[in-house]
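Dear colleague,

Please find the structure below, together with a short account of what was found in it. I would be grateful if you would read the two side by side.

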Amino acid sequence: MYQCSQQPADLRDVLLRVQKPSGEDRRALSRIIATQVRSLHVHFQLPHPGLRTESFVFFGNAEKPDLTKPYVLDWARPPSTDIYRHPEYQAGKSLWFYQAWSLMMVLSEIAEWRPLDRAFQDEEELLKRKMERKQLVTNPDWKGALTAEIFKYGFGFLEKDHHTLERYSRWDVKRFYDTLCEILAPSSAQ
């Protein structure tokens, strides 16, 4: 454990307090975060058990954080029971696509620049809200065709059946993350 000389601001706080940046800046932040998650999973084989907006922090000026320098923390938190958890989550399993689902939900918050509402009455309502969010972000009318392409790729890839996704090799998973990061690259923006 380290004691920080500065109080970090997590991404959830940033989404609530900082004025919405340009689409280009939000896309760059999304790419940085996707690349970090890719590196953790593919290169270091470290799945993050409870990925969510609070998992990413910024040091320095909390009122004007450097969006090019998020840090991934929050490793001790167990998998959540909320909107970030994969709809078919099974306790006790650490599967790569659970983390990928969580990442897609975080990216949707960055695109909208608003945290997801985490209040729900029961598991049925929560599942319904997850599916509604997935449908919303893949619709070109939400934030445009380019944003919809990102989410169609990510969520579309994760629609494969559980057993197929479990059998994916490390290289298949790497290809998923590589493609996601390519789609998020500024050079593909038009």
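Predicted model: local features only at pLDDT ≥ 70, side-chain atom pairs only at ≥ 80, totals over all residues.

With 21 residues, α2 spans 29 Å from its first C-alpha to its last, close to the 30 Å expected at 1.5 Å a residue. Q45, which follows α2, has a positive phi, near 55°.

**Packing of α2 on α8**

Helix α2 (residues 23-43) packs with helix α8 (residues 170-184) at an angle of about 170°, and their axes are 9 Å apart. Because angles over 145 degrees count as roughly antiparallel, α2 is described as roughly antiparallel to α8. On the α2 side, the contact is made by R27, S30, R31, A34, T35, V37, R38, H41, V42 and H43. On the α8 side, R170, V173, K174, Y177, D178, L180, C181, I183 and L184 take part. By class, the residues of this contact are nine nonpolar, four polar and six charged.

Apart from neighbours within four places in sequence, S30 is in contact with L107, I110 and L184.

**Packing of α3 on α8**

Helix α8 also packs with α3, here at an angle of about 10° and with the axes 11 Å apart. Because angles under 35 degrees count as roughly parallel, α3 is described as roughly parallel to α8. The α3 residues W96, Q99, A100, L103, M104 and L107 meet V173, F176, Y177, L180 and L184 of α8. This contact has ten nonpolar residues, one polar residue and no charged residues.

**P70, between β2 and β3**

P70 is placed in the loop between β2 and β3. It is buried, with a relative accessible area of 3%. P70 and D10 are 60 residues apart along the chain, and their C-alpha atoms are separated by 8.7 Å.

With kind regards

Methods
Residues numbered from 1 in each chain as written. Heavy atoms only, no water. Axes fitted to C-alpha atoms, helices over the stretch in contact; angles between N-to-C directions. Helix = DSSP H or I, 4+ residues; strand = E, 2+ residues; numbered from the N terminus. Parallel < 35°, antiparallel > 145°, perpendicular 65-115°, else oblique. Contact = heavy atoms within 4.5 Å. Nonpolar A, V, L, I, M, F, W, Y, C, P; charged D, E, K, R; others polar. Expected span 1.5 Å × (residues − 1). Buried < 20%, exposed > 50% of the residue type's maximum accessible area, 1.4 Å probe, protein only.
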